[in-house]
Amino acid sequence: GWSTSSSTYDFATTSNANKYYSNLLRLMQDSSSEIYGKRIYLFELFDESQKSGGDWEQSFGVYSESGSLKLDLSGSAFTESSVDEGESTMNVTEIVLVIVSILLVVAICAFVVYWRYGRKKDNVSFDHSDIKVG
């Protein structure tokens with residue numbers, strides 16, 4: 001990913017993030033590229049104002065915390081159509097929405113699995129009746 005904002009790093013801009021993602025998407029479609037046909041994971045989907053670290057750490061999202069798309073990828077390879085007339089093609093926004101949907105489903109599943117199984121270690125329960133407060 002690429003941070004879109006920082007008071008520390010002047011290269012953390014929306015313009016540079018647009019260039020980064022546009023180049024990434026273009027290279028993913030270029031059969032001569034080293035990343036052609038590879039699985040690429042985007043970090044991170046949404047900005048996180050509560051994230052620790054420098055202010056740049058909070059601004060890696062493709063979307064703002066309110067859900068607004070921060071980047072303009074309309075000139076990327078995904079919006080150029082090379083299919084026959086009459087066939088449909090997905091634009092960048094549709095692709096990002098599909099990715100967002102998939103990531104949300106995965107996150108929800110991971111949370112459910114953690115909540116159901118990860119919180120308990122070896123199914124041990126603890127008796128807290130002997131703990132006194134105050």
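Reply:
**Aromatic pairs and their surroundings**

The protein chain has two helices and zero strands, where helices (H or I, at least four residues) and strands (E, at least two) are DSSP runs numbered from the N terminus. The model is predicted, so local features require pLDDT of at least 70 and side-chain atom pairs pLDDT 80 or more, while totals for chains, interfaces and linings use all residues. Residues are numbered from 1 along each chain as its sequence is written, and side-chain values rest on heavy atoms, with hydrogens and water left out.

Of the 134 residues in the chain, 22% are buried; buried denotes under 20% relative accessible area, exposed over 50%, and partly exposed the range in between (1.4 Å probe, protein chains only).

A pair of aromatic rings is described by the distance of the centres and the angle of the planes. The structure contains six aromatic pairs; rings of Phe, Tyr and Trp (for Trp, the six-membered ring) pair if their centres lie within 6.5 Å, with planes under 30 degrees apart counted as stacked, over 60 as edge-to-face and the rest as tilted.

A tilted pair is formed by phenylalanine 46 and tyrosine 63, with 5.6 Å between centres and 35° between planes. Both residues lie in the loop between helix H1 (14–29) and H2, and the pair therefore ties together parts that are 17 residues apart in sequence. Phenylalanine 46 is partly exposed, at 29% relative accessibility, whereas tyrosine 63, at 7%, is buried.

Trp2 and Phe11 also belong to one aromatic cluster, together with Tyr9, Tyr20, Tyr21 and Trp56. Trp56 is in turn touched by serine 6, as are Ala12 and Asp55, not counting residues up to four places away in sequence; contact here means heavy atoms within 4.5 Å. Serine 6 is found in the segment before H1 and is buried, with a relative accessible area of 18%. Its side chain makes a polar contact with the side chain of aspartate 55 at 3.2 Å. A polar contact is a pair of N or O atoms within 3.5 Å; within protein, one must be able to donate a hydrogen and the other to accept it, and residues adjacent in sequence count only if both atoms are side-chain atoms. The serine 6 side chain also reaches the backbone nitrogen of threonine 8, at 2.9 Å.

Leu104, Ile108, Phe111, Val112, Tyr114 and Trp115 make a nonpolar patch of about 660 Å². Patches comprise residues with over 30% relative accessible area and no salt bridge, joining like charges within 9 Å and nonpolar side chains (Val, Leu, Ile, Met, Phe, Trp, Tyr) within 5 Å; a salt bridge is a side-chain nitrogen of Lys or Arg within 4 Å of a carboxyl oxygen of Asp or Glu. Tryptophan 115 lies in helix H2 and is partly exposed, at 48% relative accessibility. Helix H2 (residues 92–118) also holds leucine 97, which is partly exposed at 45%.

How values were computed. Accessible areas come from the Shrake-Rupley method with a 1.4 Å probe; for residues, only the protein chains shown count as cover.
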